[in-house]
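Please open the model in your viewer and keep the selection panel at hand. The stops below go from one selection to the next.

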Amino acid sequence: MSKKGAFGALSPQELKKAKIAYLCVLPALLVLVLVRAYPIIVVFLKSFTNWDGLFANDFVGLDNYKLLFGSGMFWNLFRNNMYLLLSVPLQVIIGLIVAVLLYEHVPGWKAFRAIYYVPQIISLVILGYLFKTMFGLEGPLNQVLRSAGLENLAVDWLLNRETALPVMVFCVTWYSIGWQTIVILGGMSSIDTSVFEAARLDGANFWQRTFKIVLPMIVSIITYCVVMAVIWTFTSLFPLIYSMTDGGPGFETMTLDYFIYNKAFQRGNQLGYACSASVVLLIIVLIITAIEMRISDAAEEKWG
Amino acid sequence: MKKVLSIVLAVAMVLGLCLVGTGCAKKEEEKKLTIWINGNDSYIAPAEQEKSQDQWYISQAIKRFEEANPGVKVELIVQADTEAAHQQFKADALANTAPDIANLWTGQNIYALEDVLLDITSMVPQSDKDNISGWDAVTSPKTGAILGYPTADNQVCYFLYNRQIINDCGLDFDNNPPKTTEEFDAAMQIIKDKGYQPLAQDEGFPWFGCYIGAYWWVSCSTYPTIISDCEGTTKFVDDEGLKKAYSYYKSTFDNGYLNADALTCADSFNKFCQGKVAMMPQESSVVQDAEAALGAENVGLLMPPDLPGSVITGKTIGGPGQCFVISKQTKNPELALKFVQFMDSKDEMLNFLKVQPKVPTRKDITAADLGYAAGSNQAKLVEMSANTIYWVDNSLYPSVSGDFYALLPSVLAGKMTVEEFAAQLDTDVANAK
């Protein structure tokens with residue numbers, strides 16, 4: 001950088017434009033700092049206290065973090081979170097395939113586009129209750145299994161982590177396909193149709209068109225979809241878990257974001273402890289997002 | 001023309017000022033109270049929720065209060081998540097946006113909020129202290145301050161049973177109820193052998209563990225032990241009553257007496273009302289709905305049987321599980337108290353009990369006043385209310401109550417032993433220190 005700084009190389013006219021641009025961005029930036037940065041700073045500071053939501057607010061050093069990691073609770077929650085991340089590749093790949101099918105105008109594509117998006121407009125709480133009923137011990141799935149003579153497979157799906165988490169992955173994937181499809185479809189609209197026509201003429205089949213033509217051309221869109229899906233899985237599954245298992249039995253199906261709610265608002269008044277879990281969650285999301293961005297940059301360099 | 005316009009403008013200005021003045025005066029006269037009501041099991045009955053809000057009992061009561069107090073406006077806010085309402089109240093109190101009055105759970109739930117609740121000790125008249133029961137449940141053990149008024153519903157826990165199924169199994173709970181857990185097991189085995197589901201509950205939240213399991217615990221250990229466990233003076237792992245009570249609780253699941261989907265289902269009461277279940281651990285709020293579904297003649301109430309070696313026998317869990325508290329921040333403490341006292345007045349409690357026939361907290365309301373026929377379930381509830389021990393889970397310290405609720409279902413599911421459960425509660429006590 002020159003001695004004159006970042007603006008040194010700009011002409012007076014460009015400098016004026018840049019200043020105007022900064023002024024335009026400033027109000028939004030201030031709002032963002034106020035509603036995002038300030039709470040994050042407060043949460044970070046409170047994570048070193050025994051804050052109970054009222055007046056207990058003593059500095060306890062790293063005690064909350066020691067409790068979180070030392071009790072084994074964090075690893076239990078983190079494992080659940082990581083398990084639920086399995087839905088991300090599923091929803092992105094299925095979303096991509098559906099998007100290509102819709103893009104190629106398969107018969108009835110308009111109806112399919114609407115149908116795939118329907119889960120997105122249903123409240124996650126309602127979906128949670130629907131899936132809870134569907135996978136209940138006496139639910140429709142088990143009735144089908146029993147009538148098919150598969151009595152041994154008719155279990156209480158939500159009772160154990162081993163079966164409850166795959167059910168949740170299925171539910172999240174089913175819910176998210178529509179969103180992924182619409183976003184990828186939006187990205188695909190920027191691809192010149194002649195590319196597809198040429199591929200067809202060259203004899204590329206559906207899978208080749210999807211993975212060798214579409215995928216490399218929309219790497220940035222796919223990155224966006226993956227990053228958003230990961231963040232969403234870490235921070236927004238609360239209503240689904242609330243209505244399906246309430247994180248239980250015990251903490252079997254609880255995730256980090258649900259644990260924060262549990263400790264802060266639901267059972268107990270350990271807001272300082274909940275703040276420490278929030279800080280850890282934020283760091284995890286930042287790390288995973290950074291890794292994904294790196295991978296995406298490398299992919300874009302290779303195919304983009 | 002200019003003159004006319006000037007006159008019109010001047011008149012408009014004067015009129016405007018007058019109107020604004022009148023409005024301000026009106027606003028000054030009007031006093032507003034905001035009240036949170038628990039949306040689950042208090043003043044809003046399940047049947048009422050199917051009606052429009054203005055038809056609910058609580059809306060009608062508010063209307064009566066407003067009519068009796070001109071210039072007062074009461075705003076009703078329904079708290080759907082009662083459990084979270086306590087923390088929400090705390091957060092709102094810090095943000096200076098707490099309601100004037102809140103309907104919360106009693107005991108430790110409000111003691112933890114003492115710093116933001118109005119101490120009404122000196123404001124409670126002796127007549128209320130004499131005529132309303134449950135003051136212990138709203139009096140801080142630390143400071144002795146009265147923090148609220150018990151609400152109208154004096155809850156009682158019991159096993160709700162389907163008389164038709166019980167009789168079909170050759171049992172007679174009316175004249176020969178099981179008094180001990182051995183007898184209870186024998187009865188449940190007979191019911192099971194007959195092809196019925198003996199017990200059912202949505203135990204994802206440990207209702208059975210709180211309604212009846214906690215009775216078994218306190219009947220073996222007694223309150224001083226439980227409190228000293230919470231304080232860390234003694235240990236939960238050494239509390240034989242706790243282990244005995246919740247081992248028996250778990251055995252009901254292991255033996256197939258409690259519904260196999262207890263930990264994940266949400267429709268046990270529906271199944272009971274459909275006549276598919278013989279018994280349900282319950283509290284007094286649901287009797288009316290059960291009678292409406294099965295017919296009053298087919299619904300019976302059974303006191304919990306006693307574990308061998310119990311120190312306390314023949315009792316059950318109950319008492320006013322809910323209360324009205326007043327925020328310290330309220331601008332109208334006297335008016336807020338007036339509203340609470342209005343809700344707990346004899347006339348208003350009678351109005352409430354017409355909508356939800358429950359056990360009143362007022363001692364000057366008898367079963368006869370309420371028109372409960374002798375031998376009816378409602379009359380029986382009133383009788384049973386004399387034999388209650390205050391809610392154990394409401395008495396657990398906040399440091400342990402979270403894991404008590406969260407981990408008890410794990411004990412039932414066999415994910416952890418009762419000893420591990422007790423050890424975790426001890427860890428919670430140690431961490432809180």
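**Where the two chains meet**

Begin by showing both chains together: two salt bridges are counted between chain B and chain A, a salt bridge being a side-chain nitrogen of Lys or Arg within 4 Å of a carboxyl oxygen of Asp or Glu. This is a predicted model, in which local features need pLDDT of at least 70 and side-chain atom pairs count only at pLDDT 80 or more, while totals for chains, interfaces and linings use all residues. Residues are numbered from 1 along each chain as its sequence is written, chains are lettered from A in the order in which they are written, and side-chain values use heavy atoms, with hydrogens and water left out.

Select A:Lys263 and B:Asp403 next, whose side chains form a salt bridge at 3.9 Å, N to O. Seven residue pairs across the interface of chain B and chain A are in polar contact, both residues at pLDDT 80 or more; the term stands for a pair of N or O atoms within 3.5 Å, where within protein one must be able to donate a hydrogen and the other to accept it, and residues adjacent in sequence count only if both atoms are side-chain atoms.

Now colour α3 (82-94) and α16 (398-413) of chain B, the elements that give two or more residues to the side of chain B that touches chain A; helices here are DSSP runs (H or I, at least four residues) and strands likewise (E, at least two), numbered from the N terminus. With nine residues, α16(B) supplies the largest share of that side.

To see the whole contact (heavy atoms within 4.5 Å), select 29 residues from chain B and 27 residues from chain A. Between them the chains bury about 2300 Å², 59% of it on carbon and sulfur atoms, buried area being the accessible area (1.4 Å probe) that two parts lose on being put together, summed over both. In chain B, the residues that lose the most area to chain A are B:Gln87, B:Thr264 and B:Lys415, together 25% of what that side buries.

**Inside chain B**

Move to B:Asn332, in the loop between β10 (322-326) and α12 (333-343) of chain B. Why does B:Asn332 count as buried? Its relative accessibility is 15%, and buried means under 20% relative accessible area (1.4 Å probe, protein chains only). Leaving aside neighbours within four places in sequence, B:Asn332 is in contact with B:Lys31, B:Lys32 and B:Leu33.

Finish at helix α11 (residues 287-294) of chain B, whose buried residues are B:Val287, B:Asp289, B:Ala290, B:Glu291 and B:Leu294. Just after α11(B), B:Gly295 takes a positive phi of about 90°.

Note on methods. Buried < 20%, exposed > 50% of the residue type's maximum accessible area, 1.4 Å probe, protein only.
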